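This report describes a single protein chain, moving from one residue to the overall fold. The sequence and structure are shown first.

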Amino acid sequence: MIWFHPQRGSIVTDKPLDPRWLRYRGGPDDGWRQISEVLPQGFLRGDPAKQKYGMGGPIEVYGPIERTCRDCKQELVFSAAEQKHWYETLGFFIDATAVRCPACRKIEQKKRSYGEAVIAAKSAPSSAAHLNVARAALAWREVGGHFSLDKARAHCHLAKKLGAKTEAEQLLQALSRRTK
């Protein structure tokens, strides 16, 4: 039998649901439903040999899990294909789950890239490092991130002083087009 919950995932068992199992999947409630052995559309079989799991055990069947985005509060679906990719290809622990929609996830990735570029520019200041900060800021802003481009312009000016005049000028032009 395959039991599925739209927020907590699936359990495969030949016995009735045990409350001890459910505590590892978010606790008991009335959202669990039994699905047939023939998987419905949108469901995929998992490969426990490729998964990293703890007390809750492996995932034998992936199904679409409903979530709310942490940032924009929109509903999102963590698809079975996405779960399989995360847990079996990328090697994430099965306790990891999508907390942001794809758009907010992209903004967060660009924000993180900007932070890493700033740290790199502080630890080893060079024209290339300062240009990377400006590029990362521009990329973050282009995906919808909220960021003052004055800091990016300042990094362009520092890169100019360190010898990267042409590239800094090109980035400054791109930054000025972005603010219009």
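Gln83 counts as buried because its relative accessibility is 3%; buried means under 20% relative accessible area, exposed over 50%, and partly exposed in between, with a 1.4 Å probe and protein chains only. The model is predicted: local features need pLDDT of at least 70, side-chain atom pairs count only at pLDDT 80 or more, and totals for chains, interfaces and linings use all residues. Residues are numbered from 1 along each chain as its sequence is written, and side-chain values use heavy atoms, with hydrogens and water left out.

Gln83 belongs to helix α2, residues 80–89. Helices (H or I, at least four residues) and strands (E, at least two) are DSSP runs, numbered from the N terminus. Apart from neighbours within four places in sequence, Gln83 has contacts with Tyr62, Gly63, Pro64, Ile65 and Phe78, where contact means heavy atoms within 4.5 Å.

Leaving out neighbours within four places in sequence, Ala80 is in contact with Gly42, Phe43, Leu44, Tyr62, Gly63 and Pro64. For Pro64, 16 residues away along the chain, the C-alpha separation from Ala80 is 5.2 Å.

## Overall architecture

The protein chain contains six helices and seven strands. In sequence order, these elements follow the pattern β-β-α-β-β-β-β-β-α-α-α-α-α.

The radius of gyration of the protein chain is 23 Å, whereas a compact globule of 180 residues would have a value near 16 Å. This radius is taken over C-alpha atoms, and the globule rule is 2.2 Å times the number of residues to the power 0.38. Along the principal axes, the C-alpha trace spans about 70 × 30 × 25 Å. Among contacts with a separation of 6 or more, 48% join residues 24 or more positions apart.

## Nonpolar cores

A nonpolar core is a set of buried Ala, Val, Leu, Ile, Met, Phe, Trp, Tyr and Cys residues joined through side-chain atoms within 4.5 Å. The largest such core has 23 residues, and within it Tyr114 and Phe147 touch the most other members. Two or more residues of this core come from each of α3 (102–123), α4 (127–142), α5 (150–161) and α6 (165–179). The greatest contribution is that of α4, with eight residues.

Not counting residues up to four places away in sequence, Phe147 touches Tyr114, Ala137, Trp140, Arg141 and Ala152. A second, separate core comprises 13 residues, including Leu76, Ala80, Trp86 and Cys101.

## Positions in helix α3

Helix α3 contains Lys111, a residue that counts as partly exposed at 40% relative accessibility. Lys111 and Gly91 lie 20 residues apart in sequence, and their C-alpha atoms are 23 Å apart in space.

Ala120 also has its place in helix α3. With a relative accessible area of 36%, Ala120 is partly exposed.

## Loop residues

Lys73 is located in the loop between β6 (65–68) and β7 (75–78), and at 56% relative accessibility it counts as exposed. The phi angle of Lys73 is near 65°, a positive value in a residue other than glycine.

Ser36 is placed in the loop between β3 (33–35) and β4 (44–45). Its relative accessibility of 44% makes Ser36 partly exposed. Ser36 and Trp3 are 33 residues apart in sequence, while their C-alpha atoms are 8.8 Å apart.

## Surface and charge

Of the 180 residues in the protein chain, 36% count as buried. The accessible surface amounts to about 10,800 Å², and 54% of it belongs to carbon and sulfur atoms. Accessible areas come from the Shrake-Rupley method with a 1.4 Å probe; for residues, only the protein chains shown count as cover.

The protein chain carries 30 positive and 19 negative charges, whose mean positions are 10 Å apart. Lys and Arg count as positive and Asp and Glu as negative, while His and the chain ends are not counted. Each charge is placed at NZ of Lys, CZ of Arg, CG of Asp or CD of Glu.
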